[in-house]
Amino acid sequence: AGVWWDEVSTGFIDNVSGTGAPFNIRLIPGGLDRVPGLSERLAGPARILELACGAGKGLQRLAEHYPQAEIVGLDGDAHSLELAAKSVAFAEDRVTLIRAAMEELDFEDQFDLITINISMHECRDIDEVTARVLRALRPGGYFVNSDFPFPNSEEGLRSVPGRVMSGIQFFEARIGDQLLPVAYYLELLERHGFRDVDGFEITPVHAVTHGRR
């Protein structure tokens, strides 16, 4: 049986809590700045949601770089949210933490930006999550997915980045998940009615896909 994040030890969470930090550093604000029109939308009093926020490293950067924004972090693991509260203590008046699975996201017309970092591939029901994200965005709001661009060819798998991601894929299989190619995410957003769907590569193991409501 697969073991989910809220079923592992707190020690395990402590030890892996910083592994996504390089992705957050590349994404916020540099990667977000590459999404057309997003920087202008976040320059004022915006509302931002980070899904699967974990220990709060992404929330911390969002709070630092968008000082006028109200920020919400959602995660299904209680201990991760305890760590996140410490990460954003400097901005506790602007940050709200919610314990829930991504499939339980229950907002409508609330956010200018919803973002997720190296966790979209771990949705138990990725179509349900995508539909709920679309509903939670304000009209014209942005969804930004930062994840591993898993190769979709044998040649890609034999490359150095492909071998790195294959090792990560082995871990994902242990909890019943799989890394996904960029093409899958683009098709997913288009199928659910997002507009201006596009993507770009930040590094050979870090890609961004995005769309607007």
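Residues are numbered from 1 along each chain as its sequence is written. Because the model is predicted, local features need pLDDT of at least 70 and side-chain atom pairs count only at pLDDT 80 or more, while totals for chains, interfaces and linings use all residues; side-chain values use heavy atoms, without hydrogens and water.

The chain contains nine helices and seven strands. These are DSSP runs numbered from the N terminus: helices are H or I with at least four residues, strands are E with at least two. Along the principal axes, the C-alpha atoms fill a box of roughly 45 × 40 × 30 Å. A compact globule of 213 residues would have a radius of gyration near 17 Å, and the 16 Å of this chain agrees with that. The radius is taken over C-alpha atoms, and the globule rule is 2.2 Å times the number of residues to the power 0.38.

Of the 213 residues, 50% count as buried; buried means under 20% relative accessible area, exposed over 50%, and partly exposed in between, with a 1.4 Å probe and protein chains only. Among contacts (heavy atoms within 4.5 Å) between residues at least 6 apart in sequence, 72% join residues at least 24 apart.

Four aromatic pairs are found in the whole structure. Rings of Phe, Tyr and Trp (its six-membered ring) pair if their centres lie within 6.5 Å; planes under 30 degrees apart count as stacked, over 60 as edge-to-face and the rest as tilted.

One of these pairs is formed by Phe23 and Phe148, with ring centres 5.1 Å apart and planes at 65 degrees, so it is edge-to-face. Phe23 lies in helix 2 (residues 21-33), and Phe148 lies 125 residues away, in the loop between strand 5 (137-147) and helix 7 (154-158). Phe23 is buried at a relative accessible area of 7%, and Phe148 is buried at 11%.

Phe143 and Phe194 have ring centres 6.0 Å apart and planes at 35 degrees, so this pair is tilted. Phe143 belongs to strand 5, whereas Phe194 sits in the loop between helix 9 (182-191) and strand 6 (195-203), and 51 residues separate them. Phe143 is buried, with a relative accessible area of 1%; Phe194 is buried too, with 6%.
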